[in-house]
Amino acid sequence: MKILFVRSDVQQCPYMVFALDRMGHNVACYRKPIEEVKKDEGVQKALEEYLKKHRPDFVLSNIFGAPIAKITNRLGMKYAVWCMDSPAFSTWTPETALDNCYLFYFDYQEYELKKQSGQRNVYHLPLATDIVWSGELKITDEEVRKYSCDMSFIGSLYTKNLYDEALKQFPPDMQETFTELIENSAFVWDGQDRLHMPPELVQTVRKQCPDMFDEPYMPDEYFLRKFFVGRKLSHVERTLLIELLSERYDIHLYTRDTEQVPEGVRRFPEIDASNGALKVFRSSKINLNITLRSIAGGVPLRVFDVMGMGGFMLSNWQAEIPELFVEDKEIVTYKTPEELIEKADYYLRHDEERVRIAANGYQKVKEQHTYEHRLDKIISIIQRKVQL
């Protein structure tokens, strides 16, 4: 098939282009990122002319672009979006209802929410990894020594978050309500929803901070749950868990220099996802995953990339993990901080078991969870719809 991929500078994913090329498709990457397409009318006109001239079978991106949806709709073309982030803020716009748009969500709860809202052409599609890219990556002995550690975590601590900025604007009783909400939700990963916010609380927040709600089509409760409270909850969990673990293990934290890191934590500069991070995954004895709370049930990209590098994955439990992997055979999970420490202690002492689980995890993603597997599903769905 002839496919045009519109990349994102914010959420880069070149692996989709690599995989499509390996699959034998005629794939081109548009010269402008989706961020420019969304805000520049001149770029939108240029894209429309490009599509008229080259006539791809469909357009693909990993962030939804309303202008792309409208342009492809006018030209009678299909537009597929594999939403690789959660929450998928970009899909809260009327253009997603256009008949030519196909939306694929990796978080099943996000998919269910869209499906229940009446969204057409919406599908669940887990994330993936690029086995070919990881297999060709060369790691020197010096790099192994550099990145080797008991445990590593790559990601943001969300030190700067909207919650901390806005909370002081709330009266004391509301501050207490949100504090209790976070305390009751933190450090338990068992699939239970503890972030329910009553309508009266949501309405009060909107009255108190109307400027905070700048997406007209996004439900207020969704925004507060996913971004406002979710980011703060992730900050609390990641910061305190990293601090706790650093007291027991040689843990390496790779994060932005703007993040405030607890004293005593071994902090390293932010590392690029397509090269350095993969070397960390392969060299660390244990790779830690602490999923963003905005990802309700899905499995984040970090898990697939670690396992695609043959790394050992110790992740908080997510509802979709048992559907994708065999726990304690291909991946190890925890539901509480106590269980996290217990399993970290065990697998740091039992090298053979740790290495065997990592090898099993690699084999599973190789056989079932590559970009080729996912893109083949996207293409088959689009082709089936075209025939109908």
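Which side chains meet in a salt bridge at 3.6 Å, N to O? The legends below take this pair first; the model is predicted.

**View 1. A salt bridge joins Arg7 and Asp9.** The side chains of Arg7 and Asp9 meet with a distance of 3.6 Å from N to O. Arg7 is partly exposed, at 27% relative accessibility. Asp9 is also partly exposed, with a relative accessible area of 43%.

**View 2. Glu48 pairs with Arg74.** The closest N and O atoms of this salt bridge are 2.8 Å apart. Glu48 belongs to helix α3 (residues 41-54) and Arg74 to helix α4 (residues 66-74), and the pair links distant parts of the chain, 26 residues apart. Glu48 counts as buried because its relative accessible area is 16%, under the 20% limit. Arg74 is exposed, at 53% relative accessibility.

**View 3. Glu95 and Lys70 form a salt bridge.** Their side chains meet at 4.0 Å, N to O. Glu95 sits in the loop between β4 (78-83) and β5 (101-105), while Lys70 is in helix α4, so the pair ties together parts 25 residues apart in sequence. Glu95 is buried, with a relative accessible area of 17%, whereas Lys70 is partly exposed, at 40%.

**View 4. Salt bridges link Arg22, Asp130 and Glu372 in a network.** Side chains of opposite charge can pair when their charged atoms come close. In this model the count of salt bridges comes to 24.

**View 5. A patch of negative charge lies on the surface.** Asp173, Glu176, Glu180 and Glu183 gather in this patch. Glu176 is in helix α9 (residues 172-185). With a relative accessible area of 48%, Glu176 is partly exposed.

How values were computed:
Residues are numbered from 1 along each chain as its sequence is written. This is a predicted model: local features need pLDDT of at least 70, side-chain atom pairs count only at pLDDT 80 or more; totals for chains, interfaces and linings use all residues. Side-chain values use heavy atoms; hydrogens and water are left out. Patches are made of residues with over 30% relative accessible area and no salt bridge: like charges are joined within 9 Å, nonpolar side chains (Val, Leu, Ile, Met, Phe, Trp, Tyr) within 5 Å. Accessible areas come from the Shrake-Rupley method with a 1.4 Å probe; for residues, only the protein chains shown count as cover. Lys and Arg count as positive and Asp and Glu as negative; His and the chain ends are not counted. The place of a charge is taken as NZ of Lys, CZ of Arg, CG of Asp or CD of Glu. Helices (H or I, at least four residues) and strands (E, at least two) are DSSP runs, numbered from the N terminus. Buried means under 20% relative accessible area, exposed over 50%, partly exposed in between (1.4 Å probe, protein chains only).
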